[in-house]
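Work through the exercises below with the model open. Each task is followed by a stepwise solution.

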Amino acid sequence: MISRRGALGLLGGLAGSALLPAATLGAPVSARPPRLRPGDTVGLVAPASAVTLPEERDRALHWIRGMGLVPRLGAHTEDRHGYLAGTDADRAADLNAMFADPEIRAIFAVRGGWGSARILPLLDWPAIRANPKLLIGYSDTTALHCAIATRCGFPTLHAPNAASSWEKTSWDSLWRIAFAADVPVLGGAAVEQAVGRPARTLVEGTARGRLLGGNLTILSTLMGTDWLPSFDGAILFLEDINEDPYRVDRMLQQLGLAGVMDRVSGVVFGQCTRCDLRDPDYAGFTLDDVLNQHLGDLRVPVVTGFNTGHVRSQLALPIGVPVELDAEARTLRMLEPAVA
């Protein structure tokens, strides 16, 4: 058995079937994915963009082995079809196979990019629902997180992709949630100081709800579809990258017009990497201006600049798990374990 300290030492040394009819889905299931243990076999899949560099694949394998886990690559992980990691059917087949295989204890996305939404209709949702496993990844993987929350109801983890940088803050939060079945407090002043990214309380207060969300662009592309979960009473979290303020404005406006902001109990806006225009002659709204306009008047607690998104040392966040948002402390406290 590899201890948490031992696994962290290893880690530090490594630089389809048809959709279920809506009427049959019922309430979210109470089942939780199994916790991870050193020696467990986990699947690595590429549900979106192609893994074009061998170094990316190797980095993913090294990080997963450094966690004390045994990685198994999907059959089509290294395929390429245009800018995608193989055809839609092949990428869906890899994910279906990982959920169906009893030896696979969790599934990591190797990378994001674009393409996960394309495979949603091709996934075997009855089989996925019957075999709860942690799906771990972020960015474009948001489409899969949302779909699982909608169709299956079991928790997933918004966390670095397998080929991302797994530094101490990310690993520690993953370990506590996925290995120890803990209910940690995520975020706060100590983490902000450690990673050098202060968050901001926009609206004070505390609120409880199921944590839902992810990449803002991907969420906006799923609006009006059957793949988004209900946001009634949820704590909504968002992040993005390379989006000009007017684009963030447009997407937040879309969520507002769709009634999402009227239904949530709190909002956590994470990092929006390279989302402020650098043109010295730019005279429009800044990102903070846009966030103030859309979120500042909400009558629910709001935090911006939380440590999630396209940044190093981002926290692992449990999607679908009840949490408490303390806007003044800028923390998310898990109220239930994500795993059994």
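**Exercise 1.** Classify Arg263 by its relative accessibility, and find its salt-bridge partner.

Solution. Step 1: Arg263 is partly exposed, because its relative accessibility is 34% (buried is under 20% relative accessible area, exposed over 50%, partly exposed in between; 1.4 Å probe, protein chains only). Step 2: the partner is Asp232, with 3.0 Å between the closest N and O atoms (a salt bridge is a side-chain nitrogen of Lys or Arg within 4 Å of a carboxyl oxygen of Asp or Glu). Step 3: Asp232 counts as exposed, at 53%. Step 4: Arg263 sits in helix H10 (residues 260–263) and Asp232 in the loop between helix H8 (216–222) and strand E9 (235–241), 31 residues apart (helices, H or I, at least four residues, and strands, E, at least two, are DSSP runs numbered from the N terminus).

This is a predicted model, in which local features need pLDDT of at least 70, side-chain atom pairs count only at pLDDT 80 or more, and totals for chains, interfaces and linings use all residues. Residues are numbered from 1 along each chain as its sequence is written, and side-chain values use heavy atoms, leaving out hydrogens and water.

**Exercise 2.** Which strands does the salt bridge between Glu324 and Arg208 tie together?

Solution. Step 1: the closest N and O atoms of Glu324 and Arg208 are 3.0 Å apart. Step 2: Glu324 belongs to strand E13 (residues 322–326) and Arg208 to strand E8 (residues 206–215), so the pair joins parts 116 residues apart in sequence.

**Exercise 3.** State how many salt bridges the structure holds, and name a network.

Solution. Step 1: there are 16 salt bridges. Step 2: Arg57, Asp58 and Glu78 form a linked network.
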